[in-house]
Amino acid sequence: MNAKYLRPFSIGLIALFFLFVMYQFTKSNEFGSVTEENPNDKAESFFRTQSDGFSVDPFYLESAKSIFSPDGQFLRFDEIIAKAKSGELNLISELWNLRRQCPEGSTREQCHEYIKAFIQNEYSGEDAKKLLNLLTNYLKYEEAMVQLDPSSKSYTNAERYEQIKQLRRKYFSKDDAELIFGLEEATAEFSFNRKNFLDETKNLKADERIRLYEDYRKKSFGPYYNAVVSREPQYDKFETEMDLRQNELSKLSGSDRETKEREVRIRYFGKDGNERMEKVLREIKEEEEKITKLELEETNYLKNNPNLSDSEKEKKLMELRIKRLGSKELAEEYTRRLEYEKTLKNSGN
């Protein structure tokens with residue numbers, strides 16, 4: 001596979017909603033509309049007619065050479081396996097990257113024929129057979145996924161995810177399941193158990209809690225730990241440490257807390273980064289103070305003038321908002337936000 005397809009693995013991949021949406025999408029018989037002039041119709045699909053799933057019509061073999069032509073060098077088979085085992089490469093993401101390159105108008109079945117042809121063209125012998133076997137089993141598993149009921153309220157998220165894991169083991173050996181889903185399943189387990197860790201360590205000193213948290217991540221992710229850490233945004237690291245220090249920070253005086261927070265920010269973002277963040281924090285604080293004063297003024301005004309008409313109330317409130325927020329545009333934006341929040345509240349959200 002092409003090195004250009006190496007994409008960061010999003011931790012959101014484990015979200016059950018995304019999984020079920022993705023698999024529901026694959027139920028569709030078509031990736032696009034098919035017309036009578038569609039060149040794909042010239043070839044017979046062997047996806048269902050060949051028991052081994054490996055035979056490909058020559059039309060696809062020839063077409064795939066131009067469809068999946070690399071602008072660089074495709075990864076070798078051993079590189080694919082090594083990167084998948086370490087979490088650097090996500091095979092499901094790579095499959096979807098290939099699917100997006102299938103010709104417009106391809107049915108789901110035809111698209112998979114193009115992908116199989118690409119594999120047969122690019123790899124040979126046992127390497128190609130291994131990749132085709134993974135693809136064939138994954139497509140069968142993907143079809144089976146749509147039979148699971150994602151709306152059942154009798155299962156927790158962890159229990160539903162366990163169902164998915166068990167289904168995967170029906171289609172893949174232990175090693176193949178780890179190769180394809182290993183990082184995702186490690187991330188899911190880490191997510192499901194993270195709250196327990198936080199509860200159990202909440203009374204520890206912050207530095208010790210941070211050390212144990214990293215040990216917990218290493219144990220949870222195992223061979224994928226380095227890949228996870230290398231892709232983790234600096235701001236996420238900062239926020240994690242601040243969360244782990246929260247109990248300790250809450251016990252400090254205002255000035256001591258600001259000093260400690262500044263120390264952590266400088267460690268992650270440097271002095272310049274800290275200054276930019278402090279500027280934003282000051283602006284947020286000033287904005288919050290403005291809103292607090294405005295809310296108090298509006299409450300007092302409405303309390304002291306209960307007999308005004310709706311139009312008179314709106315006019316006066318707008319005058320107060322323009323005065324406190326500094327411009328008509330900001331006042332109108334604030335008014336729209338209040339209306340939106342009111343709509344959400346009334347709708348039960």
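**Core and confidence**

Tutor: This is a predicted model, in which local features need pLDDT of at least 70, side-chain atom pairs count only at pLDDT 80 or more, and totals for chains, interfaces and linings use all residues. Residues are numbered from 1 along each chain as its sequence is written, and side-chain values use heavy atoms, with hydrogens and water left out.

Student: Which residues have the most contacts inside the largest nonpolar core?
Tutor: A nonpolar core is a set of buried (under 20% relative accessible area, 1.4 Å probe, protein chains only) Ala, Val, Leu, Ile, Met, Phe, Trp, Tyr and Cys residues joined through side-chain atoms within 4.5 Å. The largest one has 43 residues, and those with the most contacts (heavy atoms within 4.5 Å) inside it are F68, I115, I119, Y123, Y138 and Y141.

Student: Which element gives the most to this core?
Tutor: Helices here are DSSP runs (H or I, at least four residues), numbered from the N terminus. Elements giving two or more residues include α5 (108-122) and α8 (174-200). With ten residues, the top contributor is α6.

Student: Which helix has the lowest mean pLDDT?
Tutor: pLDDT is the predictor's confidence in each residue, from 0 to 100, and the chain averages 83. Helix α9 (residues 206-221) has the highest mean, 96. Over residues 1-36 the pLDDT is below 50. Among the elements, the lowest mean, 42, belongs to helix α1 (residues 16-25).

How values were computed:
Buried < 20%, exposed > 50% of the residue type's maximum accessible area, 1.4 Å probe, protein only.
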